[in-house]
Amino acid sequence: MERTFQGEIYLTRYLDSQGTLVQPLPDNPQLAEQLQSCYRNMILARALDTKAIALQRTGQMGTYASMLGAEAIDVTIGLCMQLDDVLVPYYRNHASQHIRGAAMEDLLLYWGGDERGNANPAMNQDFPNCVPIATQALHACGVASAMKIRGEKRCALTVCGDGGTSKGDFMEALNIAGAWQLPVVFVVNNNQWAISVPRAIQCGAPTLAQKAFSAGIRGEQVDGNDAIAMHEVLSRALDRAREGKGPTLIEALSYRLSDHTTADDATRYRDNEELKTAWEREPIKRLQTFLHQQGWWDEAQEKAWHSEVARMVQGAVERYLNTTAQPVEAMFDHLYEEMPASVQEQRDWAQVKAMKGGSHHES
Ligand SMILES: Cc1ncc(C[n+]2csc(CCOP(=O)(O)OP(=O)(O)O)c2C)c(N)n1
Ligand SMILES: [Mg+2]
C-alpha cells in the first residue's frame, strides 16, 4: 500500500495559563502596543458583557449571548482584520463588531430586539449577526468568491462555534473554499459546549481543525485564551487569504464561562468543578500577568482604563435606553420589496392593535 495522504495539526501557544511564556515571542516591533490594545479591548468587552447581562436580568433587554471567556478570540479578530475585509459573524462577536466600528449602543439595540442596531453605516460591508447555526460560513464563501472574481486584495472572515462544525453548511463551505481556493478564514470558537452538548460527543475526530483536510485547506489549532497566539495565527491566516494563498480553518480552544445565553441555566447540565478549572485558564488575567512581567503594565494605567471603559459602557447604555422604540409595524418592513397581501394584513392588524393600546386593553 502507498500512503496517499498524511496530515498534522499544530497548536500555537505563547502563554501558559499562568501567563508565562512557553516559546520566544513573535518577532514584532509593535508587540507591546498591540498587546496593550488587546488588553484594553478585552476589559471593555467584559464590561460590556456584564452590563448587557444586567440589562437583560432587569427586563431592559432581550435574550443575550455572552462572550465571557471568548474575549481574546473576539478582540483579536477585531484588531487583526483590515477595515475593507468583511466580517461574517455569529452571535458571540460583539467585541469584534465594536472594534470594527459598530457603536456599543447599536449592539445593545439589536439585542434589545430593534433591528436598527444592524443598520449601522460604520459596519461598512460587514454582515449582521447570524443566529441560524453555521449558515454564515456559506455567506462568507459567497463574499470571498466576489472578492476573488474582482481580483481584490481583501478577504472574508467568519466565525462559528464547535457545534456549528457539525452542520452540513459548515462542511459545504469548507469544500467550496478549498475547491475555489477562496480568500476566507474560518474561525471556530471551540468553547467546549453547544448549549448542553459537550464537545466530546459532538464529533469523533480528536480536533475540529482536521476537518480542513477533507476540503484540502489549511487547518490549525490555537490557544483561544492566549491573545498573543490568537493575534499571530489570525494575522498569518488573513495575510495568506489576502495574498491569494488560500483559506485557513482556525480552531481556537476556549471555554464558555457563561450560560449559553441568558435564556439558559448551565448549572442544570455542567459540572461546577469543570467551570472552576476553566476560570484558571481565562484570557484576561493571563494577558495581564504577562504584561506585568514584561513591564508593559502598571496599576495607574489599569485603573484609568477601567474607569474609561466604565464611562464608555455607561454612555452606550444611556443612549440605548433613550432610543425611542419603533412602531410595532416596523417588524414587517424591509422583509420584502413588495409586501405580500398576507403580510400586509398582519401589519394592518398589528397597527390597529397597537393603537388600541396593545395587550393591556385587550377585549
Ligand atoms: C439551524 C439551527 N439549529 C439550531 C439552532 C439552535 N441553537 C442555537 S445555539 C446552538 C448551539 C451552538 O453551539 P456552538 O456552535 O458550539 O456555538 P456556541 O453557542 O457554543 O458559541 C443551537 C443548537 C439554531 N440557532 N440554528
Ligand atoms: Mg460551543
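Modeller: E7, H8 and E8 make a right-handed β-α-β unit; right-handed means that, with the strands pointing away from the viewer, the path from the first strand over the helix to the second runs clockwise. Helices (H or I, at least four residues) and strands (E, at least two) are DSSP runs, numbered from the N terminus. This is a predicted model, in which local features need pLDDT of at least 70 and side-chain atom pairs count only at pLDDT 80 or more, while totals for chains, interfaces and linings use all residues. Residues are numbered from 1 along each chain as its sequence is written, with chains lettered from A and ligands numbered from 1 in the order in which they are written.

Biologist: At what angle does H8 run to E8?

Modeller: Helix H8 covers residues 227-242 and lies across E1, E3, E4, E7 and E8. Axes are lines fitted to C-alpha atoms, for helices over the stretch in contact (C-beta atoms, placed from the backbone, within 7 Å). Angles run from 0 to 180 degrees between N-to-C directions. For H8 against E8 the angle is about 170°.

Biologist: In what order do the strands of the open sheet stand?

Modeller: Two strands count as paired if DSSP finds at least two bridges between them. E1 and E7 are joined by 2 bridges, and E7 and E8 by 6. The edge strands, each pairing on one side only, are E1 (11-12) and E2 (86-88). The pairing is parallel, and the order is E1-E7-E8-E4-E3-E2.

Biologist: Which residue in E8 is the bridge partner of Glu220?

Modeller: Strand E7 spans 218-223 and strand E8 spans 248-253. In E8, the partner of Glu220 is Ile250.

Biologist: How many residues of E7 are buried?

Modeller: A residue is buried if 20 or more other C-beta atoms lie within 10 Å of its own, exposed if 12 or fewer, and partly exposed in between. One face of E7 has Arg218, Glu220 and Val222, the other Gly219, Gln221 and Asp223, and all are buried. The count for E7 is 6 of 6.

Biologist: Why is Trp193 classed as buried?

Modeller: Trp193 lies in strand E5 (residues 193-194). Beyond four places in sequence, Trp193 touches Pro198 and Arg256. Trp193 is buried because the number of other C-beta atoms within 10 Å is 22.

Biologist: How far apart are the C-alpha centres of domain 1 and domain 2?

Modeller: Domain bounds come from an automatic or database domain assignment. That assignment gives domain 1 as 11-325 and domain 2 as 330-361. Their C-alpha centres are separated by 36 Å.

Conventions. Contact = placed C-beta atoms within 7 Å.
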